[in-house]
Amino acid sequence: MNDSLKTLLIIAFLIMILWNLGAGLYYLLVDKGQSKRTVNALTRRIGLSVLLVLIIIVSAKMGWIQFHGVGR
């Protein structure tokens with residue numbers, strides 16, 4: 001898999017996570033607790049976050065991505 005494609009995949013996940021976080025805030029302010037749209041948006045955000053972490057862990061274990069950081 002191309003490095004730029006990997007980066008775009010992670011950025012797309014982060015954008016979707018932020019979108020659902022913003023949607024949850026919007027529904028919280030607009031609905032004033034009268035619907036479950038806030039809960040659904042925040043549930044999707046948590047699901048996407050968990051899925052992103054799992055994808056990163058599996059990708060690292062399979063050798064598709066390599067971590068680099070300070071001090072290596």
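**Figure 1. Buried residues of helix α2 in the predicted model.** Five residues, T38, A41, L48, L52 and S59, are buried in α2. In general, residues three or four places apart on an α-helix point the same way, because each turn takes 3.6 residues. Two of the buried residues of α2 are L48 and L52. The buried residues of this helix pack against α1, which covers residues 3–31.

**Figure 2. Helix α2 from end to end, with the residue that follows.** Helix α2 runs over residues 37–62 and contains 26 residues. The distance from its first C-alpha to its last is 37 Å, close to the 38 Å expected at 1.5 Å a residue. Which residue takes a positive phi just after α2? That residue is G63, with a phi of about 85°.

**Figure 3. The protein as a whole.** The secondary structure amounts to 2 helices and 0 strands. With a radius of gyration of 16 Å, well over the 11 Å that the globule rule gives for 72 residues, the protein is therefore more spread out than a compact globule. Along the principal axes, the C-alpha atoms fill a box of roughly 50 × 25 × 20 Å.

**Figure 4. Contacts and surface of the protein.** Of the contacts with a separation of 6 or more, 52% are between residues 24 or more positions apart. How much of the protein is made up of buried residues? They account for 17% of the 72 residues. The protein exposes about 5,900 Å², and carbon and sulfur atoms supply 71% of this area.

Technical notes:
Residues numbered from 1 in each chain as written. Predicted model: local features only at pLDDT ≥ 70, side-chain atom pairs only at ≥ 80, totals over all residues. Heavy atoms only, no water. Helix = DSSP H or I, 4+ residues; strand = E, 2+ residues; numbered from the N terminus. Expected span 1.5 Å × (residues − 1). Buried < 20%, exposed > 50% of the residue type's maximum accessible area, 1.4 Å probe, protein only. Contact = heavy atoms within 4.5 Å. Rg over C-alpha atoms; globule rule 2.2 N^0.38 Å. Areas by Shrake-Rupley, 256 points an atom, 1.4 Å probe, with all protein chains shown as cover.
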